[in-house]
There are 2 protein chains.
Amino acid sequence: MTRLSFGVGRGRLVGMLPENPTIAMIGAGALGCYYGARLAQHGKQVHFLLRSDYAEVQKNGLTVRSVSGDFSLPPEAIHVFNDVRSMPKADLVIVTLKSTANDQFQPLIAPLLHDSTAILTLQNGLGNEERLAELFGAGRVMGGICFVCINRVGPGVIDHTAHGLIRLGEFGGGPSDRARWVADLFNTSAVQCEVLADLRYGRWEKLVWNIPFNGLSAAMDLTTDRLLDTPAGEELVRRVMSEVIATARVAGANLPDELIDYQIRRTQNMGSYRTSMHLDRTHGRALELEGIIGEPLRAAKRGGVPTPLMEAMYAQLRLLAQGNWVDSPRMA
Amino acid sequence: MTRLSFGVGRGRLVGMLPENPTIAMIGAGALGCYYGARLAQHGKQVHFLLRSDYAEVQKNGLTVRSVSGDFSLPPEAIHVFNDVRSMPKADLVIVTLKSTANDQFQPLIAPLLHDSTAILTLQNGLGNEERLAELFGAGRVMGGICFVCINRVGPGVIDHTAHGLIRLGEFGGGPSDRARWVADLFNTSAVQCEVLADLRYGRWEKLVWNIPFNGLSAAMDLTTDRLLDTPAGEELVRRVMSEVIATARVAGANLPDELIDYQIRRTQNMGSYRTSMHLDRTHGRALELEGIIGEPLRAAKRGGVPTPLMEAMYAQLRLLAQGNWVDSPRMA
């Protein structure tokens with residue numbers, strides 16, 4: 001087995017990069033099941049930690065209905081667990097928990113770590129890498145940004161309707177052998193993966209979309225097409241994006257103004273799309289409010305950037321987050 | 001016939017106050033039909049200007065299903081018109097148009113005026129009296145604030161579920177014989193009516209409720225009970241109310257802080273209430289955005305009062321107002 005050495009600059013963990021690592025997928029919702037299934041489909045050793053779907057997946061395996069071709073992994077082809085204490089230690093822990101469950105980092109991740117285990121969070125928003133770094137050391141931590149449309153349609157059954165790209169990088173910044181190693185794992189598993197020179201830049205770039213579209217769609221109960229369907233709506237979205245870009249710049253990510261036009265055009269092509277936060281509102285589930293809006297807002301405050309629209313949205317979304325009402329479904 | 005003289009101070013019209021005046025009800029939706037029916041029920045001469053419901057009301061009259069007892073007015077007991085040019089001149093014009101139709105003031109009201117016709121607007125929000133004053137002279141204009149729960153359930157059929165109070169006053173300020181004359185017309189028609197010493201104060205007092213509850217309920221698609229159901233929601237409503245009170249003070253209405261507690265308590269007792277702007281959103285009808293939020297916001301700007309929450313709400317509601325989407329109904 002070839003072992004590559006870690007990039008050791010920038011205070012990163014010193015360790016080896018096994019060619020066939022043990023991968024622990026923590027928080028196997030739609031995202032974890034999809035990417036985990038792709039890795040397992042291509043021969044990687046993936047250990048899934050499941051909660052509500054454990055019994056079903058243990059019995060029936062995983063099924064992915066994908067735009068790029070459906071596939072199933074029978075129970076004997078995957079390793080599923082419902083208790084982290086029964087899982088083997090991992091070379092790579094991939095975190096796909098909802099960020100509202102970040103208080104579970106310690107009990108769910110600590111038991112899996114050996115001296116050079118790397119941790120990759122694929123969660124949304126800001127603050128996840130920071131929290132992992134506090135708990136387990138910054139040297140272990142990487143972050144990834146996912147561009148994928150997936151839905152869990154049943155226990156262990158995932159609909160993959162578009163895209164799949166992951167862009168990942170070191171929490172400590174800069175490219176590294178370790179980041180390329182993880183990217184290779186994905187790229188050899190039918191998941192396009194790019195290494196970011198600057199993870200923070202990538203996170204803020206995504207927030208320019210996430211904050212207006214997740215925030216307004218959930219606060220106002222509107223799909224993305226309606227948010228952009230009127231001049232007043234497009235203006236509102238652009239103003240929120242400008243607040244995010246101004247904040248990003250103060251936070252060290254020098255995003256260009258042209259990103260606004262680009263994101264608007266891209267979203268116009270998405271049709272009637274329900275964002276994850278909008279879906280969470282509809283179904284009375286926890287909103288990923290702090291990672292997507294709360295943390296960016298605190299960055300704006302620290303940097304002295306005025307963000308009145310983000311603040312108002314945050315106040316509205318806190319109301320919804322505390323309410324957790326399930327909307328009765330609309331008739332077609 | 002006794003004729004009282006007008007109060008002539010403050011540049012008001014000099015004229016007579018007939019004991020049995022001709023009253024023109026302009027914009028006979030739920031509000032106009034309800035109050036007009038009450039006046040007609042008690043022997044006043046009311047001329048209704050109707051549009052979509054004209055044929056039905058001419059055939060079947062008006063029906064009010066009221067908490068204080070149902071009543072009907074057969075066709076021969078009321079005077080209905082579908083063209084203002086066929087209506088007699090009036091001593092009192094009562095305006096109950098939706099404020100989004102204020103561009104119709106000139107053609108709908110001018111033909112009804114004689115030298116001393118008074119105009120009473122019962123419309124929502126700010127700016128209606130000002131517009132009427134511009135067009136027809138400030139001396140004619142009075143304004144009233146309605147506290148009533150009514151719904152049009154069919155052509156000429158009104159559900160009256162609670163309250164009914166009108167508080168009215170002179171646009172020029174101060175009490176007047178004319179205001180008392182109009183109040184008497186209502187008070188002798190089973191409609192409680194009070195004369196305001198300061199109409200502006202009354203308008204702003206109502207806005208302390210209307211702006212947060214109409215605004216947030218429509219922007220967020222939430223009933224009033226949900227807006228107040230969480231600590232974050234109550235805090236948001238209170239912060240919006242504080243912005244309105246600060247604006248009112250700069251605009252000359254010195255509202256007390258205690259109004260906030262009072263309005264919160266009152267609304268908690270209303271249960272799951274859908275505001276008029278929320279209903280307008282749901283049904284894809286024009287939102288009364290300018291009178292209820294746009295004008296107050298412009299007053300805040302003129303007075304240098306920071307109102308970030310109202311501004312954000314206004315931007316969101318403009319999106320909805322331009323969209324006018326009909327929501328498919330929710331399943332129970």
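A polar contact is a pair of N or O atoms within 3.5 Å, and within protein one of them must be able to donate a hydrogen and the other to accept it. The legends below describe close-up views of a predicted model.

**Figure 1. Interface of chain B and chain A.** Across this interface, 11 residue pairs are in polar contact, both residues of each pair being at pLDDT 80 or more. On the side of chain B that touches chain A, helix H6 (199–220), helix H7 (224–227), helix H8 (231–250) and helix H12 (308–323) of chain B each supply at least two residues. H12(B) gives the most to this side, with 10 residues. By class, the residues of chain B that touch chain A comprise 19 nonpolar, six polar and nine charged. The contact involves 34 residues of chain B and 34 residues of chain A. Together the two chains bury about 3,100 Å², of which 58% lies on carbon and sulfur atoms.

**Figure 2. Salt bridges across the interface of chain B and chain A.** Four salt bridges are found between the two chains. In one pair, Arg318(B) forms a salt bridge with Glu235(A), and the closest N and O atoms are 3.2 Å apart. Over all chains, a search of the whole structure finds 38 salt bridges.

**Figure 3. Contact of domain 1 and domain 2 in chain A.** The domain assignment divides chain A into domain 1 (2–197) and domain 2 (201–323). Taken over C-alpha atoms, the centres of the two domains of chain A are separated by 26 Å. Domain 1 of chain A and domain 2 of chain A each bring 19 residues to the contact. The two domains of chain A bury about 1,400 Å² between them, 52% of it on carbon and sulfur atoms. Lys98(A), Asn124(A) and Leu126(A) supply 43% of the area that domain 1 of chain A buries against domain 2 of chain A, more than any other three residues.

Figure 4. Between domain 1 of chain A and domain 2 of chain A, the count is three salt bridges. The side chains of Lys98(A) and Asp280(A) meet in a salt bridge, at 3.1 Å from N to O. Strand E10 (residues 141–154) of chain A provides the largest share of the side of domain 1 that touches domain 2, namely seven residues. That side of domain 1 of chain A has six nonpolar, 10 polar and three charged residues.

Figure 5. The side chains of Arg298(B) and Glu295(B) meet in a salt bridge with an N to O distance of 3.2 Å. Both residues, Arg298(B) and Glu295(B), lie in helix H11 (residues 289–303) of chain B, three residues apart, about one turn of the helix. Arg298(B) is partly exposed, with a relative accessible area of 33%, and Glu295(B) is also partly exposed, at 26%.

**Figure 6. Salt bridge of Glu205(A) and Arg167(A).** The side chains of Glu205(A) and Arg167(A) meet in a salt bridge of 3.2 Å, N to O. The pair links distant parts of the chain, 38 residues apart: Glu205(A) lies in helix H6 (residues 199–220) of chain A and Arg167(A) in strand E11 (residues 157–170) of chain A. Arg167(A) is partly exposed, with a relative accessible area of 22%.

Methods. Residues are numbered from 1 along each chain as its sequence is written. Chains are lettered from A and ligands numbered from 1 in the order in which they are written. This is a predicted model: local features need pLDDT of at least 70, side-chain atom pairs count only at pLDDT 80 or more; totals for chains, interfaces and linings use all residues. Side-chain values use heavy atoms; hydrogens and water are left out. Helices (H or I, at least four residues) and strands (E, at least two) are DSSP runs, numbered from the N terminus. Buried means under 20% relative accessible area, exposed over 50%, partly exposed in between (1.4 Å probe, protein chains only). Contact means heavy atoms within 4.5 Å. Buried area is the accessible area (1.4 Å probe) that two parts lose on being put together, summed over both. A polar contact is a pair of N or O atoms within 3.5 Å; within protein, one must be able to donate a hydrogen and the other to accept it, and residues adjacent in sequence count only if both atoms are side-chain atoms. Ala, Val, Leu, Ile, Met, Phe, Trp, Tyr, Cys and Pro count as nonpolar, Asp, Glu, Lys and Arg as charged, and the others, Gly among them, as polar. Domain bounds come from an automatic or database domain assignment.
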